[in-house]
Amino acid sequence: MFSKILLTVVVVAIIWFGFKYLQRIAELRAGRPSPPDAPHPPSAPTQSQTAQDLALCPRCATYRAPNQGPCGRKDCPY
Ligand SMILES: [Zn+2]
């Protein structure tokens, strides 16, 4: 009884993955990669964010972007 259920689950899984596999091949042949696997473009916005001039806070000894505001200490100059 249990083996029948297991066999049914395995067959359904094989059909499901086979369907996805065929769908993926069809998309690749159409020259259109599926959205989740599409290569991400270079993260230009993130790079411009990290390329900001960082200022060293003499109180907390950490480099912070000026628009980050104070680090939380009372004597922080930012
Ligand atoms: Zn600070």
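Is P58 buried or exposed? Hold that thought for a second, everyone. What we have here is a predicted model, where local features need pLDDT of at least 70, side-chain atom pairs count only at pLDDT 80 or more, and totals for chains, interfaces and linings use all residues. Residues are numbered from 1 along each chain as its sequence is written, and side-chain values use heavy atoms, with hydrogens and water left out.

Okay, back to P58. With a relative accessible area of 58%, P58 is exposed; the cut-offs are under 20% for buried, over 50% for exposed and partly exposed in between, using a 1.4 Å probe and protein chains only. You'll find P58 in the loop between strand 1 and strand 2. Strands here are DSSP runs of E with at least two residues, helices are runs of H or I with at least four, and both are numbered from the N terminus. Go 18 residues along the chain from P58 and there's C76, with 7.9 Å between the two C-alpha atoms.

C76 brings us to the metal. The zinc ion is held by the SG atoms of C57, C60, C71 and C76, at 2.2 to 2.5 Å. A donor is an N, O or S atom within 2.8 Å of the metal (3.2 Å for Na, K and Ca), and water isn't among the atoms, so sites may look incomplete. Along the sequence, the donor residues follow the spacing C-x2-C-x10-C-x4-C.

R59 makes a salt bridge with D75, and the closest N and O atoms are 3.3 Å apart. By salt bridge I mean a side-chain nitrogen of Lys or Arg within 4 Å of a carboxyl oxygen of Asp or Glu. By that rule, the count is one. R59 is partly exposed, at 45% relative accessible area, and D75 is partly exposed at 45% as well.

Now over to the helix. Helix 1 covers residues 2–29, and L6 is in it. L6 is partly exposed, at 46%. UniProt, in an unreviewed entry, lists residues 6–22 as "transmembrane region", and such annotations may be inferred rather than shown by experiment. In the model, that stretch is 100% helix and 0% strand, with 24 Å between its end C-alpha atoms.
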